[in-house]
Amino acid sequence: MVLHLSRTDARRLAVRAQLLTSPRPDDVHAVVSHLTMLQVDHTTAVAPSADLVLWSRLGSRYDPAELADAVDGQALVDVQGMIRPAEDLALYRAEMAQWPGPDAKAWEQAQHRWLLDNAGCRQDILDALRSDGPLTARDLPDTCARPWRSSGWNDDRNVPMMLDVMVRAGDVAAAGRRGRDRLWDLAERIYPADEPVPVEQARRERDERRLRALGVARARGPECPVEPFDVGDAGEPAVVDGVRGEWRVDPRLLDAPFEGRAALLSPFDRLVHDRKRMVELFEFDYALEMFKPVAARRWGYYALPVLHGDRLVGKLDATADHRDGVLRVHAVHEDFSWSPAVRSDVADQIEDLARWLELDLRLGARTR
């Protein structure tokens, strides 16, 4: 049976699944476990993305030290720039062991050939970590017989690229940070010793967990190497009024009550990270503009999407200035004329953001 949803139904599924309703959750590990991952991005225009995602769910009670402690204690593990619950690593280890696998893309095959050509460097890194790890990339030997070549910023960055490929192969794992530098160690010291789940079963379970976190998603989508947007055959088929194509939904979320609230979101928040789904379901115009020239920006360097109830209603352009001790609000962009209630709810969230950052709030212009 194909389920029929209105856009409102679909949006509420997505918001509820992302833990952005009331009442708020109250446990960091439980939130990460439900969301399945936090994307690592250390841009600090406001706060690192992983911290913003947790603050959006938990509020100002959230202490970033909780996330850092969980990663340092290996209850949460950084895998290819995604912080995941350690217990979920069993869903990835079998795939790592057979990487790049029989269905490898051309770029994966090229990485694998480069790894084989530099088997000596791979072994030298493993030996160094085994005897002295955890270590930073700059502490590890570069004995590559064939340097890494690319047209981008990774050209000649042999050790960082070797570590990235060795993560894919399940050899090494991130082990926290030393200052601004990431630490690396043998994967066997970081990942739990749980029996790996067979590849096909693991993919099904990951699809099911991803759908539970997204609420509504496409069965098929564009390739995303680390964390897909689509969910395969998980859940039940559905159509959304006014939107072409078939969706998949988690039917367990359909009849749950919806109590919306206001929230300020990271640009990498999973509610908005799939920009195509964002446009189709929320009819929201947004792009991260940090890489655009100043004159080309509409909403700001690191504008935060604004959620109210089941609608994305605007953007907050703000900067955390820790040197001067202020959260500077440059503009609040309203996608339409907000009601007094919406303005009040959003203002409360801006005040909570300043309180969480332990900064004084300094308001600038309000624009649409």
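Ala94 is buried, with a relative accessible area of 18%; buried here means under 20% relative accessible area, exposed over 50% and partly exposed in between, using a 1.4 Å probe and protein chains only. The model is predicted, so local features need pLDDT of at least 70 and side-chain atom pairs count only at pLDDT 80 or more, while totals for chains, interfaces and linings use all residues. Residues are numbered from 1 along each chain as its sequence is written, and side-chain values use heavy atoms, with hydrogens and water left out.

**Around Ala94**

Ala94 belongs to helix H5 (residues 93-97). Helices (H or I, at least four residues) are DSSP runs, numbered from the N terminus. Setting aside neighbours within four places in sequence, Ala94 touches Pro196, Val197, Pro198 and Val199, where contact means heavy atoms within 4.5 Å. Asp335 lies 241 residues from Ala94 along the chain, and the C-alpha atoms of the two are separated by 46 Å.

Helix H2 (residues 28-35) packs with helix H10 (residues 199-214) at an angle of about 115 degrees, their axes 7 Å apart. That makes H2 roughly perpendicular to H10, a label for angles of 65 to 115 degrees. Axes are lines fitted to C-alpha atoms over the stretch in contact, and angles run from 0 to 180 degrees between N-to-C directions. On the H2 side, Ser33, His34 and Leu35 meet Arg209, Arg212 and Ala213 of H10.

**Aromatic rings**

What does a search of the whole structure find in the way of aromatic pairs? There are five of them. Rings of Phe, Tyr and Trp (its six-membered ring) pair if their centres lie within 6.5 Å, and planes under 30 degrees apart count as stacked. Two of the pairs are set out here.

| Stacked pair | Centre to centre | Angle between planes |
|---|---|---|
| Trp55 and Trp356 | 5.8 Å | 15 degrees |
| Phe284 and Tyr286 | 6.0 Å | 10 degrees |

The pair of Trp55 in helix H3 (residues 49-58) and Trp356 in helix H12 (residues 340-357) links distant parts of the chain, 301 residues apart. Phe284 counts as buried at 1% relative accessibility, and Tyr286 does at 6%.

**Charges over rings**

The charged end of Arg218 sits over the ring of Trp247, 3.9 Å from its centre. Lys315 lies over the face of Trp299, 4.2 Å from the ring centre. For this, NZ of Lys or CZ of Arg must be within 6 Å of the ring centre and within 35 degrees of the ring normal.

Methods:
Helices (H or I, at least four residues) and strands (E, at least two) are DSSP runs, numbered from the N terminus. Angles under 35 degrees count as roughly parallel, over 145 as roughly antiparallel, 65 to 115 as roughly perpendicular and the rest as oblique. Rings of Phe, Tyr and Trp (its six-membered ring) pair if their centres lie within 6.5 Å; planes under 30 degrees apart count as stacked, over 60 as edge-to-face and the rest as tilted.
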